[in-house]
Amino acid sequence: MPPQPTASTPAELLAPPRRRRWLWWVGGVLLVLAALVAVALWQLDPWLRRTLEKQVAEKSHGRYQLHIGSLRTNLRRRGITLRNIQLRPVAGRAADSLPAPWLVLDVGRLHVGGIGLGAVLRHEVVPVDSLAIQTVRARVLNTPDDLDKGGPLHQQLPKRLAGIRLAHLLVDDVRVSSGPARHPTTQLRQGKLRATDILLSREGAADGRRIGYAAALEMRAAGFEALVPGHALSLGAGRFSSANRVLTLDSLRVAPRAEGRVLGAAQVALWLPQLSLNGLHTELLGRRQLRADTLRFAQPKLTFTLPTKAPPPLHEVLAPYLRHVQLGHLRVVGGWLRLRNLDLAPTVQAIDIDGDNVQVDTAGYRDAARVLYAQAWNVRTGPAEASVDAPYYRLRYQSLQLASKPGSVRLADVLLKPTMPLHTLAQRKGHQVSHITLRVPQVQATGFNFGVLTRGKGLRLQSIAFNSPRFDIRGNAKYRVNPRLSVITPEQVGQLPFRVDIRRLRVTNCNMYFRFMGKQATSVGTVQINRMNGTATNLSNDPQRMTAAHPAVLHATGYLQNRCYVQATGWLPLRGNGQHRIVGTFGPAPFRILNSITEPTRFVRFKSGQVQGIRFEAAFDKQGATGTMRARYSDLKLEFLSRKGGGENRKTLLTRAKTSLVNGIVIRDENPRKGELQPGKMDSRRNPHYSVFALWQQGLISGTLNSIGLPGKMAKSISEE
């Protein structure tokens, strides 16, 4: 039996020695395990690197080769860091049936931190604290055909993973290009991406509050360039923040180029210093919906060449990308616009546009209460100009104000001016022309139905007013008559390819100055109408509004040669065969106020004569002018002038004899004579190559000449010259 302890012998010294041997065994096992773990950890990084490189080759069927410069794991921090990552296409593909490689990629550093290893073992959503990717260089060789065949990104995760939840993502210093290395078709010089709370799972994909699986996303780009068919695009800088709901583009330029251009397609030349989209609902972008508070364009400069074929509506153009666009406000500040491939070819400066509640979709397009998808537009511009009957006339205005609600337009300082002198204009056209210069200080329209106009259903407005317009009109009868039929006739309005419905037109303080060179004239004749005020109602070619019983009614007053008061009223059905009638009066005036036109064009001078009053009633149609003129005058004497010679007074023996004969036998020196008023007959044949204004003039001339005693046939012949 074992010895008993004594007071001088400790009990532990008396224990059996074999009981302490297991400690050595445990220590040895732990030491061996530590050595194995050390060896495993020492070999973990190379093993992981080889495994990743091998999997890329297998998954790509030999199309790609991955090379990792270094790989370091940190189990204490549950992280892994990769450096100098290179992804290269292999020269020979594994199989001819496989798509060609399309990407060359270099990554300077990739770091993953805070990996939830326990969640991996439990097949749960794996939490990851951070993923940082820095210094990315990518070149796209071609467009992959099978990029989206794998389905959503979360479905491409290994089946043993329920998902990944990444707290922070940073992709910094990104450069991307595509196409040839020396002449890339697309390139991004500098890019950066930040994202927070990325839930890469089925639940994350279904969460409508996320954008691309992320709760918040921020992107920055600088130096973006792209070549597309017919155009080159460049962007100085761009910023997007889902948290702030803001998208900003700076220094956007679009320029046409010959390569890839389609004949007849639209062309765009755009310089846009800044575009900002505020109040953006980023969660809707994944559903192809764009909703924002304000879209603002700052100082855009746009030259747009219209396509030869009318493009489809905007919502149809956007449909493949955005099914629905909703903007609270659309703003254009300080814009500049030029349109080409259009007869008017307008250029507009200093454009400010405010659009409210813009809805770009099928419903917004069909909504009759909207104009160009918006509930209301307010437009203000500075100077603008356009071609009219190009290249012969230019139309300019100094400023414009437009409001779709209540439908008002105001133009200031309107000028229509020929681009060349009368002689050159007539030579270029090869026939007689009216050389017209028009100045209008102000044009104002109210009740303008922009919805009808923009839907191509015609021109409809309540009233339009022209304040203080001035016409300067020149003509020369020495050129041949225009071989084409005149379009300035009442019946032509009824044949317009669109509806016109102007309830009231008003002209105030109009002045018209005519200068005309006759066929045999050696100098220019002049006549003027001053201080003219006029109104026109029911100017319409709508069959339901324009009838013989309810024609357009025109009423005007003014002064002939700034001395003789004139008033006239006309009834013009703007449909049918052009039949219409006019009644009017001329007030007291001396006959000699007409000498400025009769002397150089007819070689006749009114030596004396005083008009007490003239009243006329005339009817006009496609055949000519007929009617009656009742002129009251006294002491009428004419003088015939010589076309050549005759000295200062242009009188010869022949003209003196003719003057005596006509005044003594033909001319009625006063009317009424012997108490009886002799009416004049208005009769003149219409030349369809002249405008309706020429026909009115012919009727007045024939009636006047017949009133003073010339035989009807002679008066008619002279009026038609």
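# Briefing: salt bridges, surface patches and backbone features

Arg605 and Glu599 are joined through their side chains by a salt bridge, with an N to O distance of 3.1 Å. Arg605 counts as buried, at 16% relative accessibility. The model described here is predicted. In total, 26 salt bridges are counted in it. The domain assignment gives a domain 1 and a domain 2, and the centres of these domains, taken over C-alpha atoms, are separated by 92 Å.

**Domains**

- Domain 1 is assigned in three segments, namely 46-90, 101-142 and 158-228.
- Domain 2 is assigned to residues 547-720.

**Salt bridges**

- Side chains of opposite charge can pair when their charged atoms come close.
- Arg370 is paired with Asp367 in a salt bridge, and the closest N and O atoms are 3.3 Å apart.
- Within this pair, Arg370 is buried, because its relative accessibility of 5% falls under the 20% limit for that class.
- A network of salt bridges connects Arg165, Asp197, Asp207, Arg209 and Arg210.

**Surface patches**

- A patch of positive charge on the surface is formed by Arg287, Arg288, Arg291 and Arg323.
- One of these residues, Arg323, is located in the loop that runs between helix 4 (314-318) and strand 13 (324-340).
- Arg323 is partly exposed, with a relative accessible area of 44%.
- Val487, Ile488 and Phe693 make a nonpolar surface patch of about 320 Å².
- Val487 belongs to the loop between strand 22 (470-476) and helix 8 (490-494).
- The relative accessible area of Val487 is 59%, which means that the residue is exposed, the limit for that class being over 50%.

**Cis peptide bonds**

- Ala390 and Pro391 are joined by a cis peptide bond with an omega of about 5°.
- Pro391 sits in the loop between strand 16 (384-388) and strand 17 (393-397).
- A cis peptide bond also runs from Asn671 to Pro672, with omega near 10°.
- Pro672 is placed in the loop between helix 10 (653-666) and strand 31 (680-685).

**Positive phi in residues other than glycine**

- Asn84 is not a glycine, yet its phi is positive, at about 50°.
- This residue, Asn84, is part of strand 2 (residues 79-89).
- Tyr373, likewise a residue other than glycine, has a positive phi near 75°.
- Tyr373 is found in the loop between helix 5 (362-366) and strand 15 (374-381).
- With a relative accessible area of 9%, Tyr373 is buried.

**Residues apart in sequence**

- Val128 lies in strand 4 (residues 125-140) and is buried, at 10% relative accessibility.
- Val128 and Ile164 are separated by 36 residues in sequence, while the distance between them in space is 7.2 Å, C-alpha to C-alpha.
- Asn482 is located in the loop between strand 22 and helix 8.
- At 21% relative accessibility, Asn482 is classed as partly exposed.
- Asn482 and Gln432 are 50 residues apart in sequence, with 5.9 Å between them in space, C-alpha to C-alpha.

Technical notes. Residues are numbered from 1 along each chain as its sequence is written. This is a predicted model: local features need pLDDT of at least 70, side-chain atom pairs count only at pLDDT 80 or more; totals for chains, interfaces and linings use all residues. Side-chain values use heavy atoms; hydrogens and water are left out. A salt bridge is a side-chain nitrogen of Lys or Arg within 4 Å of a carboxyl oxygen of Asp or Glu. Buried means under 20% relative accessible area, exposed over 50%, partly exposed in between (1.4 Å probe, protein chains only). Patches are made of residues with over 30% relative accessible area and no salt bridge: like charges are joined within 9 Å, nonpolar side chains (Val, Leu, Ile, Met, Phe, Trp, Tyr) within 5 Å. Accessible areas come from the Shrake-Rupley method with a 1.4 Å probe; for residues, only the protein chains shown count as cover. Lys and Arg count as positive and Asp and Glu as negative; His and the chain ends are not counted. The place of a charge is taken as NZ of Lys, CZ of Arg, CG of Asp or CD of Glu. Helices (H or I, at least four residues) and strands (E, at least two) are DSSP runs, numbered from the N terminus. Domain bounds come from an automatic or database domain assignment.
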